Amino acid sequence: MIRFLEFAGRPLVFFIEECGRIMLLLLSTISWMFRPPFRFRVIFKQMEFVGVNSVGVVLITGAFTGMVLALQTYHGFKMFGGESLVGSTLALAMTRELGPVFTALMVTGRVGSAMAAELGTMKVTEQIDALNTMSVNPIQYLVMPRIIAAILMLPVLTIISDFVGIVGGYFVGVNLLKINSGIFIAKIIDIVDLDDIFNGLIKAAFFGLILSLVGCYKGIYTIGGAEGVGRATTQSVVLSSILIFISDYFLTAVMF
Amino acid sequence: MIKLIKISKSFNSQKVLDELDLNIDPEKITVIIGQSGGGKSVLLKHIIGLIRPDSGQIIIDKIDITNLNDKKLNEVRKKFGMLFQDAALFDSMTVGENVAFPLNEHTRLSRKEINKIVNEKLNLVGLENVIHKMPSELSGGMRKRVGLARAIALDPKIVLFDEPTTGLDPIMRESVDELIVATQKRTKATFVIISHDIESTFTIAHKVAMLYQGKIVAVGTPDEIRSSNNSFVKRFIRDLRI
């Protein structure tokens with residue numbers, strides 16, 4: 001029985017240990033944030049990588065999410081004559097949930113995995129050791145700029161996703177499904193509060209923290225050559241995605 | 001200059017260094033030889049504080065670095081340059097940016113002055129016209145040369161080498177050996193090299209230390225090591241030559 005419990009509990013122990021190590025990395029990163037030198041160029045470079053280079057992906061996913069949502073909600077609401085609620089439902093869903101979550105998932109796939117792969121390769125080719133020997137702290141030089149960039153850029157990307165999602169939904173609702181344009185917009189203004197948008201952006205910043213922290217953690221603790229880098233990359237995407245969904249539930253429960 | 005006193009280190013119950021003692025003379029080339037997997041790299045990483053010992057003391061320039069915090073350790077590390085086995089050049093930077101990296105990080109020199117030093121160091125290691133190339137465009141020997149240029153960019157007092165000739169063809173190996181000797185003569189820095197290449201060792205070393213089973217079992221000039229009566233040393237040299 002004890003052996004069974006040991007066997008069954010091993011993944012749980014591993015998960016808790018992993019979370020503990022990630023928290024230690026976060027604390028270390030925070031402590032390095034306030035110590036010079038402040039490498040703004042490195043942070044801006046990461047902001048470009050995380051933010052600017054992700055705009056295309058976010059535009060496409062945001063627009064089609066809004067479009068499909070308009071299509072689905074229209075058919076549902078039509079059953080009881082509530083088509084006028086399509087715009088507001090779509091806008092609430094985009095700003096509160098789908099904008100932040102889908103943006104975070106897309107950026108996890110594009111950026112979180114790249115962070116794990118890049119830092120993992122640096123680890124196995126001794127480039128991180130080289131930084132240490134040159135008196136440059138790898139957490140301050142590699143991890144901190146990535147985390148700051150992701151926390152700052154995820155809300156920006158989410159605003160873009162929210163906007164194009166609503167525009168996409170408007171296009172489908174008004175032009176294809178013939179919902180009245182004035183009602184579509186009026187209901188959005190009527191029902192969606194600024195708090196809905198801001199809370200969505202806070203979520204996005206939190207997801208940015210998760211995906212960058214996990215990507216960096218998996219990268220700098222990579223072991224085992226090319227195979228290890230591959231493993232770290234996959235694990236970072238899986239773990240980040242799981243943590244994004246779990247934290248989304250709790251953030252929603254607290255915020256709304 | 002560098003003193004290792006009774007250094008022990010184990011990984012998962014496997015003892016890699018066992019109360020190891022070693023004194024490294026300033027402004028000389030000391031080569032630490034030993035079998036592959038015998039703990040040479042671990043020893044080198046102890047000297048620069050990348051790994052902390054389980055017990056013992058590491059003294060660098062009269063400073064005990066064994067339990068220094070990161071900030072103080074970083075200050076001591078500014079005395080060091082290190083050439084890694086595969087050079088460990090930053091993939092995302094050009095050759096010039098790699099060599100300039102320590103200068104950008106630790107000096108307030110202007111871009112023009114940094115460029116001048118970068119060119120000087122690259123010339124010193126016999127490389128010209130590669131400043132804008134990426135590390136992936138270079139051969140193994142060239143990467144090591146760039147790694148050496150980066151290691152000596154800040155004119156460190158101590159330069160560590162992790163197997164500098166491993167993976168090179170005989171001609172390139174000879175050329176890297178010559179470069180190490182010439183650079184040491186010119187910079188007057190303390191060079192510590194780990195190697196299992198016995199031919200190279202006898203060519204470049206002022207002093208040879210032999211690592212076996214976690215301890216330094218013999219220390220001396222190349223001639224002293226060659227003529228040693230110690231049965232292990234004899235067997236070791238003979239086996240490695242084969």
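In the predicted model described here, helix H3(A) passes H4(A) in a right-handed crossing, a crossing being left-handed if the near helix is turned anticlockwise from the far one by less than a right angle, and right-handed if clockwise. The axes of H3(A) and H4(A) come within 9 Å and cross at roughly 145°; axes are lines fitted to C-alpha atoms, for helices over the stretch in contact, and angles run from 0 to 180 degrees between N-to-C directions. Residues that H3(A) brings to this contact include Val58(A), Gly62(A), Leu69(A) and Phe77(A), and those from H4(A) include Leu90(A), Met94(A), Phe102(A) and Arg110(A). Two residues are in contact if their C-beta atoms, placed from the backbone, lie within 7 Å. By class, 13 nonpolar, eight polar and one charged residues make up the contact of H3(A) with H4(A), where Ala, Val, Leu, Ile, Met, Phe, Trp, Tyr, Cys and Pro count as nonpolar, Asp, Glu, Lys and Arg as charged, and the others, Gly among them, as polar.

Residues are numbered from 1 along each chain as its sequence is written, while chains are lettered from A and ligands numbered from 1 in the order in which they are written. As this is a predicted model, local features need pLDDT of at least 70 and side-chain atom pairs count only at pLDDT 80 or more, whereas totals for chains, interfaces and linings use all residues.

Chain A has nine helices and zero strands. Helices (H or I, at least four residues) and strands (E, at least two) are DSSP runs, numbered from the N terminus. The C-alpha atoms of chain A fill a box of roughly 65 × 55 × 30 Å along the principal axes. Of its 256 residues, 46% count as buried; a residue is buried if 20 or more other C-beta atoms lie within 10 Å of its own, exposed if 12 or fewer, and partly exposed in between, with C-beta atoms placed from the backbone. Among contacts in chain A between residues at least 6 apart in sequence, 89% join residues at least 24 apart.

Helix H3 of chain A covers residues 55–78. At 1.5 Å a residue, its 24 residues should span 34 Å, and the end C-alpha atoms are 34 Å apart, which agrees; the expected span is 1.5 Å times one less than the number of residues. Buried positions in H3(A) include Val58(A), Ala63(A), Met67(A), Ala70(A) and Tyr74(A). The buried residues of this helix pack against helix H4 (86–124) and helix H6 (138–176) of chain A. Elsewhere in chain A, the peptide bond from Pro36(A) to Pro37(A) is cis, with omega near 0°. Pro37(A) lies in the loop between helix H1 (2–33) and helix H2 (40–50).

The contact between the chains takes 11 residues from chain A and 16 residues from chain B. On the side of chain A that touches chain B, three residues are nonpolar, six polar and two charged.

In chain B, four strands form an open antiparallel sheet in the order E2-E1-E4-E5. Its edge strands are E2 (14–24) and E5, each of which pairs on one side only. Two strands pair if DSSP finds at least two bridges between them. Strand E1 (residues 2–11) and E4(B) pair in the antiparallel sense over five bridges; Leu4(B) stands opposite Ile58(B), and Ser8(B) has Ser55(B) as its bridge partner. E4(B) and E5(B) pair in the antiparallel sense over two bridges, with Ile59(B) opposite Asp64(B). Helix H1 (residues 40–47) of chain B lies across E1, E2 and E4, running at about 125° to E1(B).

E4(B) and E5(B) form a hairpin with two residues between them, and Asp61(B) in the turn has a positive phi of about 50°. Lys62(B) lies in the loop between E4 (55–60) and E5 (63–64) and is exposed, with 7 other C-beta atoms within 10 Å. Most residues other than glycine have a negative phi, and most peptide bonds are trans. Ser13(B), in the loop between E1 and E2, counts as exposed because it has 5 C-beta neighbours inside 10 Å. Glu163(B) has a phi near 45° and lies in the loop between strand E7 (158–162) and helix H6 (170–187) of chain B. With 22 C-beta neighbours inside 10 Å, Glu163(B) counts as buried.
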